[in-house]
Amino acid sequence: MEPINIILSGLGGQGILFMTGLLARAALEKGFSVLGAETHGMAQRGGSVISHLRIGRARSSLVRAGRAHFLLSLDEVEAYRNLSYLGFGSTCYVDAPDSPSLFSGLDRFLRKRGIVFRFFPARRVALEMGAPRAANLALLGYFAGFEKEPVGYGELRTAMEVLFQGPSRERSLQIFEAGYEGALRSRNKI
Amino acid sequence: MSRSSRTEFLLGNGAIALGLLEAGCQVISSYPGTPSSEILPEAHRIAESEGLPLYVEWSVNEKVALDVAFAAAVTGKRAACCMKQVGLNVALDSLMSAAYMGTVGGLVVISCDDPGPHSSQTEQDTRLLARAAKVPVFDPSCPEEAREMVRTAMEISEEFRIPVILRPAIRVCHARQDLCWDPIPPRPRRAEFQRNPTRWAATPRFRLKLHEELNGKLKRIEERFATLYRFNGSDPAAEGVVPLGIIAGGVPFAVVKDLLEEEGREKEVPVLKIGTPYPFPESLAEEFLSRCEKVLVLEETDAVMEVFLRDRRKVWGRLSGHVPWEGELIPQRIAEVLDRALRDVGLDPLEASSDPEVFHLMERLQLPVRRPTLCPGCPHRAAFYAIRKALPKAIFTSDIGCYTLGLNLGAVDTCLDMGAAITMASGFSQAFAQDGELRPIVATIGDSTFYHSGTAGLLNAVYNDARFLLVILDNQVTAMTGMQPTPGLGVRADGSLGKAVPLERVVEGCGVQFLRIVDPYEIPSLVRTLKEGWDYVREPQGGIAVIIARHPCVLAYREEAIPQKKRLKILETCKECRLCIERFECPAILFDEEAGRAAIDPVLCAGCGVCLQVCPNKSIVEVKEEAGQEAPHKG
C-alpha cells in the first residue's frame with residue numbers, strides 16, 4: 001500500500017505533537033507501520049509548527065510537496081502556509097471560528113486540485129467545555145466524523161482511552177465527542 | 001521469567017537509546033541540545049523498565065561529557081556521549097586526542113546534525129569533523145537503522161579500540177517509528193584500569209606512534225566497511241552500464257529511495273547506499289561508478305562522499321552545482337535535483353507532483369511570519385524589558401537559549417556561541433576602552449549556559465578588568481531543550497539528588513565584587529539594581545557587576561512560577577500606544593481592531609501580572625474575583 005500522508009500544523013504550544021501521537025497510536029492499533037517527523041526546540045516557542053505522519057510503508061519521514069492526503073491545522077494561517085503539501089483530492093480540517101470566505105485565487109486553485117477545506121471552531125468548542133487547550137482533540141473528533149481511513153472514530157477513541165489516564169480523561173473524551181458530533185451535524189446539513 | 005517483546009512508537013532518539021542498551025552500554029553522558037536532547041532520558045527510561053545497569057549524567061558541557069564517557073570506556077565498560085553537532089565543536093579537543101589514544105570498551109559519540117537549520121547556529125556536517133578527527137562515522141537514514149548502526153558502531157569501536165561517531169540528522173532524531181524489541185539481558189562489566197602511560201599519558205614521541213596505529217586502524221575499518229552490506233551496497237545490478245546512478249547516505253537516501261519507488265523508476269536508476277561515509281569504502285563506490293555513466297551524490301549537509309570519488313568527470317553533486325550547498329534536502333528539493341540530473345542524461349523527467357502555481361499563490365496570500373516568542377509569563381521577558389528600560393543605549397550581548405528570543409524585545413544584539421555573551425562583552429569593552437570610551441554593555445546569559453561556558457569567560461573578564469553588566473537569567477532549568485536540570489538545583493539526570501552548586505558561589509569564585517539577586521517580575525527593583533550596577537561598572541575602582549535575575553521558568557514550574565494567577569483586563573482608557581504589544585511583546589496581549597484598544601487573550605495569559613507594571617497609562621487592571629471590582633495597580 002502507498003503510504004497515507006498527513007500534515008499537522010499550528011503554532012507551538014497548541015498540542016500538535018500530542019495530536020500526531022494520537023493518530024499514530026490509532027494507526028498502529030490498526031496494524032499499520034507509522035513514520036512521523038516532529039518539530040522540537042526553538043520553533044516550539046509559539047512559532048509555526050508542523051508534523052508529518054506517514055501511515056503505511058515509507059522510508060523517509062517527510063511528506064513531499066503535492067503528496068499529502070490530509071492536512072489538520074489548528075490555525076488557519078498555518079493551513080495556508082502548508083498548501084504546497086496538498087495532493088489532488090486531499091482534505092483539510094482547519095480550526096477557524098467561522099467558515100472564512102476564501103479569496104478567489106485560492107478557491108480556484110483548490111477546485112482545480114479537487115482539494116476540500118472543512119472549517120470547524122475547535123478552539124471555541126473546547127473553550128466552551130472549559131478546556132481551551134484541548135482544541136486539538138475537538139479537531140481530531142471532527143476529522144473522525146468524516147474519515148474512516150486510514151483511521152477513524154473507533155481507533156482514535158481507543159487511542160485516547162489508552163493515552164489519557166489522569167483526571168482530565170473524561171473531559172478530554174467529551175471534547176473529542178463534541179468534535180465528532182459537530183462533524184455529523186455538518187454532514188447532515190450537506 | 002522471560003518477558004515477551006514490546007512495541008513502541010519511539011522517537012529516533014529513543015531508537016538510538018534502545019540500540020545503546022542493546023549494545024550493553026553502561027555509561028551515557030550528555031549535554032542537552034536540539035536535536036539530541038532526548039537520547040539520554042530515553043535510555044534512562046528504557047534501562048529502568050528493563051532493569052539494566054546504566055549510569056547517566058547531564059554533564060556541564062560536551063567536552064566534559066566526552067571526557068567522562070572516554071574514561072568509562074578506558075575502564076573497559078561500554079560508553080556513549082550524546083550532543084548536538086555544535087556541541088561536538090566544544091568536545092573536539094577531547095575527540096581528537098581520544099582518537100589517537102583509543103579505548104578499551106566501546107565508545108560511541110552521537111553528534112546530531114541539524115540541516116535547515118531548525119534549532120542551531122550552523123548547518124555544519126559532523127562527518128567533516130569525523131574526518132578531521134580520523135574517527136569512523138555512521139550515517140543512519142531512519143530510526144530503526146540508527147538503532148542497528150549504534151550497535152554495530154559499538155562493536156567496531158571495541159574491536160578496533162577507537163571512538164566511533166553516529167551522526168543522525170534531525171529527521172532521524174525527531175522522526176518517530178514503531179519499533180519492536182525483545183527483553184535485553186544485562187551484561188554488566190566491572191571497571192578496571194591498567195596503567196599504560198605511553199598510551200593514556202602519551203608524550204609527543206609516543207603520539208607519533210599512536211598516529212601511525214590510528215591510520216592502520218582506519219585502513220582496516222575501511223576494508224570492513226566495504227563488506228558491511230547491512231548498511232552499504234546497492235540493489236542487484238542491471239546488465240551493462242546505466243546512464244545515471246545515485247550514491248546516497250543518511251536521510252537523503254531514504255528520501256530518494258521513496259521517491260524513485262513512488263515514480264516507478266527504481267529499476268532504471270540504481271542507488272548505492274553508503275551508511276559509513278568515513279573511512280570511505282572506496283572499492284564499493286568504484287565498482288558502482290564503473291556501472292554508471294554519471295553518478296549523482298545525495299548527502300547532507302556538505303560534500304563529503306563526493307570529495308572521496310576520484311573521477312570528477314563522472315560525479316555530480318555540490319561541487320558540480322547540482323546540489324545546493326545550504327538548506328535541508330527536503331523531498332521537494334531532492335525531486336528537483338533528481339529531475340535536473342535525469343534531464344541532463346537524457347532520461348524522462350519526474351512526474352510533477354506539485355503545482356508551481358501554489359507557490360505564486362502563497363506569495364500572494366502574504367502570510368505573516370510566525371516567529372517564535374518567549375512564553376506568556378516568561379521571566380526573561382520581564383528581565384529584558386527592565387534592561388531596555390534601565391540602559392536603552394547599551395550594547396546587548398546575549399547567548400544560546402530561549403532568551404535569544406529577547407531579540408523580539410530589542411534587548412539582544414549578538415549571539416555567537418555558548419558563553420559568548422560574556423566573552424563578547426569583554427571584547428567590546430576592551431575595544432571601546434582602547435579609544436578611551438566606556439560604552440554601556442549588558443550581557444545576558446541563561447543559568448545552564450553559564451554553567452556550560454560562562455565561568456572561563458567571566459574569570460577572564462574579571463582578571464583583564466573588562467567593564468560590563470552581566471545579567472544571569474536564572475530560570476533554574478535548561479528550558480529550550482526540554483527542561484533538563486542544571487547544577488544550580490543539584491537534581492541529576494536520573495532524578496536523584498547531587499550536590500547543588502549555586503550560581504552566586506560560582507560568580508563570587510570568579511572574583512566578582514558586585515553581585516545582586518533580583519526577581520525580574522519586580523521590574524522597578526530590577527531597573528534600580530541595573531542602574532546601581534552600571535554605576536559600579538563606571539567607577540574607576542569598579543569592575544564587572546553581576547545581577548542574577550532569578551525566577552522559575554513558567555513551563556517547568558507552573559505553580560511555583562506564578563503562585564497566584566491574576567485575572568487581567570484592559571480598560572477603555574487604553575491609549576493605543578501598543579507598548580505592551582510591541583515593546584513588552586507578550587503573546588497574550590493582542591490589538592483588538594474593533595474595540596480600538598489592546599486586549600488580553602484569557603487562554604494564552606499566564607496571569608503573571610507583570611504587564612500591570614508596564615502600561616504607562618495604567619489601563620491594564622486586575623479583575624478582583626470576589627469584590628467584582630477593578631483595582632488599578634499601584635506600581
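## Strands side by side in chain B

Two strands count as paired if DSSP finds at least two bridges between them. Keep that in mind as you look around this structure, which is a predicted model. Let's start with strand β10 of chain B, residues 242-248, which pairs with β12(B) in the parallel sense over six bridges. If you'd like one spot to look at, find G245(B): it stands opposite V295(B) in β12(B).

β12(B) has another partner too: strand β13 of chain B, residues 315-316, joined in the parallel sense over two bridges. Here L296(B) stands opposite W316(B) in β13(B). And how enclosed is β12(B), the strand at residues 292-298? Five of its seven residues are buried, so the rest of the structure largely encloses this strand.

## A six-strand sheet

Chain B also has an open sheet made of six strands, and their order is β3-β2-β4-β5-β7-β6, with parallel pairing. Which strands stand at the edges? They are β3 (55-58) and β6 (137-138) of chain B. Each has a single partner strand, so one side of each is left without a neighbour in the sheet.

Now pick out one pair from that order. Strand β5 (residues 107-112) and strand β7 (residues 164-166), both of chain B, run parallel and share three bridges. Within this pair, I110(B) stands opposite L166(B) in β7(B).

## Where the chains meet

Time to bring in the other chain. The contact draws on 39 residues from chain A and 45 residues from chain B. On the chain B side, β8 (175-181), α10 (250-262), α13 (331-344) and α14 (357-365) each supply at least two residues. Which of them gives the most? That's α14(B), with seven residues. Sorted by class, the side of chain B that touches chain A has 25 nonpolar, ten polar and ten charged residues.

Strands cross between the chains as well. Strand β2 of chain A (residues 34-37) is joined to β8(B) by three bridges, and the two run antiparallel.

## The nonpolar core

Finally, take a look inside. The largest nonpolar core has 263 residues, and those touching the most other members are A138(A), L139(A), A69(B), L469(B) and V471(B).

What is A69(B) in contact with, leaving aside its neighbours within four places in sequence? The list runs V27(B), S29(B), A79(B), A80(B), C81(B) and L107(B).

How values were computed. Residues numbered from 1 in each chain as written. Chains lettered and ligands numbered in written order. Predicted model: local features only at pLDDT ≥ 70, side-chain atom pairs only at ≥ 80, totals over all residues. Contact = placed C-beta atoms within 7 Å. Helix = DSSP H or I, 4+ residues; strand = E, 2+ residues; numbered from the N terminus. Nonpolar A, V, L, I, M, F, W, Y, C, P; charged D, E, K, R; others polar. Core = buried A, V, L, I, M, F, W, Y, C linked by C-beta atoms within 7 Å. Buried ≥ 20, exposed ≤ 12 C-beta atoms within 10 Å, placed from the backbone.
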